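Please look over the model below before reading my points.

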Amino acid sequence: YIEGFLRWEDTYLRRQPEADPDVSAVAAVRRPNPEIAGSDPPGDLLTADKLENLDVVLLGDIERTYLTPAEYQALIQWIDGGKSLLVLGGYHSFGADGFRNSPLADVLPVVFEDGDATQFDEPFRLELTDSGRQHAIFAVTGDRVQDSALWAQAPALSGCSLVKGEKSGATVLAVNPA
């Protein structure tokens with residue numbers, strides 16, 4: 001899990017895997033400040049050797065330049081080898097200076113929004129699609145009817161990244177109904 005900024009997601013995404021004895025989690029949070037000249041990212045977080053023993057990589061809210069061209073190449077080859085990537089949207093990762101203009105844009109399942117409007121900053125309740133209601137990632141109790149009711153009553157999210165749509169072959173699990 002590579003995160004660009006300390007966010008609430010970091011707390012939960014790190015705590016849960018660390019509590020599971022069958023999971024070995026490795027996390028990295030940005031140390032250099034991207035707004036200070038000469039504070040370049042380390043460039044050695046995603047090498048072929050480091051990716052070799054991983055099954056899933058989570059990328060948090062990082063801008064395109066946080067990863068080097070060599071890291072993008074290693075990550076894409078790793079994905080092409082059948083591994084899994086989860087990208088968390090955010091002001092940086094899905095913003096104008098985010099992954100939309102990176103080599104990763106070709107392997108992500110979304111078509112990025114054009115222009116400067118990349119975030120929806122109004123509270124909303126996540127709405128599961130038919131595929132989402134059947135997907136294990138949204139299973140809470142194991143009963144689909146009860147799980148759907150739980151998700152319908154879940155607290156509102158404070159916003160989301162905007163995308164134009166999904167690419168061919170992608171499956172949409174949840175949407176912002178607004």
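My numbered points follow.

1. Basis. This is a predicted model, in which local features need pLDDT of at least 70, side-chain atom pairs count only at pLDDT 80 or more, and totals for chains, interfaces and linings use all residues. Residues are numbered from 1 along each chain as its sequence is written, and side-chain values use heavy atoms, with hydrogens and water left out.

2. The core. The largest nonpolar core has 22 residues. Such a core is a set of buried Ala, Val, Leu, Ile, Met, Phe, Trp, Tyr and Cys residues joined through side-chain atoms within 4.5 Å. Buried means under 20% relative accessible area, with a 1.4 Å probe and protein chains only. Leu46, Leu59, Leu75, Phe99 and Leu104 touch the most other members. Strand S3 (56–59), helix H3 (69–80) and strand S5 (110–112) each give two or more residues. H3 provides the largest share, 6 residues. Helices (H or I, at least four residues) and strands (E, at least two) are DSSP runs, numbered from the N terminus.

3. Tyr72. This residue lies in helix H3. Tyr72 counts as buried because its relative accessibility is 3%. Beyond four places in sequence, Tyr72 touches Arg64, Leu67, Phe99, Ser102, Pro103 and Leu104 (contact: heavy atoms within 4.5 Å). Tyr72 and Leu104 are 32 residues apart along the chain, yet their C-alpha atoms are separated by 6.8 Å.

4. Ser102. Ser102 sits in the loop between strand S4 (84–87) and S5. Is Ser102 buried or exposed? Ser102 counts as buried, because its relative accessibility is 9%. A polar atom of the Ser102 side chain lies 2.9 Å from the backbone oxygen of Phe99.

Technical notes:
Buried < 20%, exposed > 50% of the residue type's maximum accessible area, 1.4 Å probe, protein only. Polar contact = N/O pair within 3.5 Å; in protein donor to acceptor, adjacent residues only side chain to side chain.
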